[in-house]
Structure formats: structure tokens, C-alpha cells
Amino acid sequence: MAGRLLAWFDRHGRFDLPWQHPRTPYRVWLSEIMLQQTQVSVVTGYFDRFIKALPDLSALAHAPQDDVLALWSGLGYYARARNLHAAAKLCAEHHDGDLPRDLDALVALPGIGRSTAGAILSQAWGDPAPILDGNVKRVLCRVFGIDGWPGMPVVEKRLWSIAETLLPQTRLADWTQAQMDFGATLCTRANPACAICPLQDVCVARIEGRIGELPAPKPGKALPQREALMLIVEDADGRVLLWRRPPTGVWASLWSLPQHEDIIEAQAWFERHLDGDFAAARALPALDHGFSHYRLRIQPHLIAVNGPRAAIGDNPDLRWVDRAELTAIGLPAPVRKLLQELTE
């Protein structure tokens, strides 16, 4: 299988990705974290911007968290950025400022699982380490006819065993990239190109007519719906009030809009912090945003104020920001969308 996929990769693989030139441990690691839950087409621009601002592990380790989150703004799943930053600091403290060339040491760092560690080892150093991301799971389930949802421990254990047996003796970096490219561009989730697949004569799913069944989907359940009220507060100079979210939970430590459970809670907070007439707040159209484990409906309210009350003017978790500065601040995607729509 490895020989066939590598031959396919030589003809159809992706060789122009920004993290491949040059391919350093830091650049590989950054790309792998960005590519978690995110497509290559989305990541490339963010990668170029991030690497220009923070070109190496030392720069990342010494950067303020606000700067890291701002560079990540729009990519989503912000825990990835916080873990990346924390891991860089640990490398600076315990690994002489470099990523460790060891599977267990890599997995011990925040945000690096076994598959990400394998991708780093194989692509940065050419070490024999398997990967098992979503693309690889899908390919293996189809080719070997593996039943069951790949996220189940018993199924995942079997897939890891298969992935280890497939490791070639050479070209480990290409092998890792070939698997990811093959799943992303040919053996896709919907409408895979089976007619031109180099594995079509050995693929159990194709032979048995089970392409649509494999891999088995995750057992479904309805996502819960949550509601939140956000205040878009403007002062006389047209600046917007931002609020830093708590250090844990959704969008941890990002700057956002003041958020509340309901209108009563919002009014109480407003009257404690701001000088203005809450009754003048204007409700804007609601915005729906989906997370992996629930859906959030945001109800924004726009209100103009004279400014903060004197007692909270120096609150470090509140800041006034000119609209021109918003692009340089790490904001959750729906909050950025709300503010952009307001200026259009």
C-alpha cells in the first residue's frame, strides 16, 4: 500500500505548501496544530501571517498571549493557540528552546496528541511514526473494511495497529503527507474518486459496495441550544467597548463583547459600569453560531454611552477600541462578524 500511495503522491501530491519550504520542526508543528479541524485552503494565509510575526519557537515563547490570539483570530478552536503558546514556553524552559525529538515528550506538551506527534516526528526528522488523523482513519476504514465509528477506543486501537504496519522503510515525511493528501483530495468523505484510485483493487469498501457506509458515522444526538445577550457599546468617539473573557471556557482570554444571560443581567451590569441610558439600547438581528457540542444564538444590543463610570475606568478586563484597531485584536469569529456588519 505504501508503494502505491507514494507513487500516487509523486504525481498528484501537494509539494508547494508554505510549511514545506523550509520544513523545520517549528513550522511543521505550527502547521499541524492549525490543520486540526481546519482545511489547508483556510490555513495557508494564517500560517504565513503567523510565521512572519513569530518566525521561531523562541519568538512564540516570549510573545504576549494577546499577540498570539490576535494572530489566530478567525481560525477558531482557540484552545489550540493557547496550548501552542504554553507548549512553546515549556520547550524554552525544559527542552533548550527546541521541540523534543521524542514521541512521549511531544505528547506531554499541551495540544499535541499521538497523531500530531507522529506527524511532527516523520515530517521534521523523517522518523518512523504513524499518524491517524481524520483523513487517515477514513482511508483505513474503507481499504481494510473496518466497521464501527473510528472514535471508539476499540476501533481506534485497531486502526493504530494497521497504521504502524504500513510504515515504509524510507520517505517517511512523504508517506505522512501522502496519506493526508490522499484522504483530502481523492478518498474524500463524499464522492470519493474511486475510478482513479490506486487502491481500488484492494479496497474492501469498494469491492463490497460499502463506500457510503465506511467509516461509520458518530452516533448522533441533537446539539443543545444556548442563548446569550451581547452588548455593543459605543462611546462618543465611536469606540467599541471590549471585555476580556475568563481564562477558562469557550473563547478563553479572548477579547469579546460584554456577554450576559438575559436582559435583566445585562442591565444590572450596564448600570454598574457605564454612564448612559440602558433603555435606549437597540436590539439587532440575532446571530447563530455552532460549536462542536452546542449551538449558540447571540442576541446583540447596540447602545451609545457617555463613557465608563469613574470607579471602573481602569478595569484591566475592559478596554475601548477604535474600529480601525479591531483587525489587530483576537476576537471570536461571530463577534468579529457582528462588528463588521455594523460598519457595512
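How many disulfides does the count come to? Taking a disulfide as a pair of cysteine sulfur atoms within 2.5 Å, the count comes to zero. Before going on, note that this is a predicted model, where local features need pLDDT of at least 70 and side-chain atom pairs count only at pLDDT 80 or more, while totals for chains, interfaces and linings use all residues. Residues are numbered from 1 along each chain as its sequence is written, and side-chain values use heavy atoms, with hydrogens and water left out.

Now look at the cysteines. For Cys-197, the closest cysteine sulfur belongs to Cys-187, and at 6.3 Å that is too far for a bond. Cys-197 is buried at 12% relative accessibility, and Cys-91 is buried too, at 0% (buried means under 20% relative accessible area, exposed over 50%, partly exposed in between, with a 1.4 Å probe and protein chains only).

Next, the packing. In soluble globular proteins, nonpolar side chains tend to be buried together. Beyond its neighbours within four places in sequence, Leu-242 is in contact (heavy atoms within 4.5 Å) with residues including Trp-255, Leu-257, Leu-318 and Ile-329.

Leaving aside neighbours within four places in sequence, Lys-137 is in contact with Leu-132, Pro-150, Glu-156 and Leu-159.
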